[in-house]
Amino acid sequence: MRIGELSRETGVAIPTIKYYVREGLLPAGRLTSPNQASYDDGHVRRLRLIRGLIDVGGLSVSSVRDVLAAVDSPEEAVHDVLGVAQGAITPRTAAAPEGMERARQTVAELVRRRGWRVEPDHPSYEKLAVALATLRGIAHGEFEEVMDDYAEACERVAAADLAWAERNAEVDGLVERVVVGTVLGDAVLSAMRRLAHVEASARTFGDAGERGASEAEVKGAGGR
């Protein structure tokens, strides 16, 4: 297909497609003449992957470049590539709040307690410490009481992620499935957590609120 057809097929504007080619995110088309190039289904799939990482995963173009470089390196160990991808998609904290040393120690104790084989230089290690220090700074340090509950839930999610990646995946596609599952899985998990919050809130507070309103209505009726 020509670039116009590629644009219509994917919904990505032609200037944006050309930009992705210049930035090395999308392979150039096969030249059919000095001014014409041909594109195929591989370009369609790659464009949709790029847009998914940007639009749903919230990644910058530079982060997408790093993630795609990991996807395109199937000769590397999957565990190592996953580390590269996580490094690319984990935002760095601009400024560290007070109490970081104590928070880092809390994270280290959690990692030891759970038996996780994670080094302190992993970007999410520091990100978790920043979150804990911030919670303490706004007088909500007791949130740490649910840390192990969170950890247990995350272990189950991580196992489900990798089980999905391994299922029906060719060796060359395994890395892509792991990386895509990590990036887009974050969006799925965040949205699903909020849906679960609505249900948990309704179950915990909603019924009581409705009962309270009904009782108030009954008392009000009796007083008239």
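## Salt bridges

Arg65 is partly exposed, with a relative accessible area of 31%; here buried means under 20% relative accessible area, exposed over 50%, and partly exposed in between, with a 1.4 Å probe and protein chains only. The model is a predicted one, in which local features need pLDDT of at least 70 and side-chain atom pairs count only at pLDDT 80 or more, while totals for chains, interfaces and linings use all residues. Residues are numbered from 1 along each chain as its sequence is written, and side-chain values use heavy atoms, with hydrogens and water left out.

The partner of Arg65 in a salt bridge is Glu23, and their closest N and O atoms are 2.5 Å apart. A salt bridge is counted where a side-chain nitrogen of Lys or Arg lies within 4 Å of a carboxyl oxygen of Asp or Glu. Glu23 belongs to the loop between α2 and β1 (30–33) and Arg65 to helix α4, so this pair ties together parts that are 42 residues apart in sequence. Helices (H or I, at least four residues) and strands (E, at least two) are DSSP runs numbered from the N terminus. Glu23 is also partly exposed, at a relative accessible area of 29%.

## Bridges within helices

By this rule the count comes to 10 salt bridges. Another of them joins Arg51 to Asp55, with the closest N and O atoms 2.7 Å apart. Both residues lie in helix α3, 4 residues apart, about one turn of the helix. Arg51 is partly exposed, with a relative accessible area of 23%, whereas Asp55 is exposed, at 51%.

In helix α9, Arg203 and Glu199 are likewise 4 residues apart, about one turn of the helix, and form a salt bridge whose closest N and O atoms are 2.9 Å apart. Arg203 is exposed, at 53% relative accessible area, while Glu199, at 45%, counts as partly exposed. Elsewhere, salt bridges that share partners join Arg113, Arg114, Asp148 and Glu155 into one network.

## Nonpolar cores

The largest nonpolar core has 26 residues. Such a core is a set of buried Ala, Val, Leu, Ile, Met, Phe, Trp, Tyr and Cys residues joined through side-chain atoms within 4.5 Å. The residues with the most contacts inside the largest core are Ile17, Tyr20, Leu47, Ile50, Leu53, Val64 and Leu68. At least two core residues come from each of α1 (3–10), α2 (14–22), α3 (41–56), α4 (61–71), α5 (78–89) and α9 (171–223). Helix α3 gives the largest share, 6 residues.

Beyond its neighbours within four places in sequence, Leu47 is in contact (heavy atoms within 4.5 Å) with Leu6, Thr10, Val12, Ile17, Tyr20 and Leu26.

A cavity is a set of points, on a 1 Å grid over the protein atoms alone, where a 1.4 Å probe fits but cannot get out; lining residues have an atom within 4 Å of a point. The count comes to 1 cavity of 30 Å³ or more, and about 40 Å³ of space lies in the largest cavity, a volume being the space filled by probe spheres set on the points, which are joined across faces, edges and corners.

The lining consists of Asp161, Leu162, Trp164, Ala165, Arg177, Val178, Gly181 and Thr182. Helices α8 (147–166) and α9 each supply at least two of the lining residues.

Technical notes. On a 1 Å grid over the protein atoms alone, a cavity is a set of points where a 1.4 Å probe fits but cannot get out, and a pocket is an open set with protein on both sides within 12 Å along at least five of seven lines; lining residues have an atom within 4 Å of a point.
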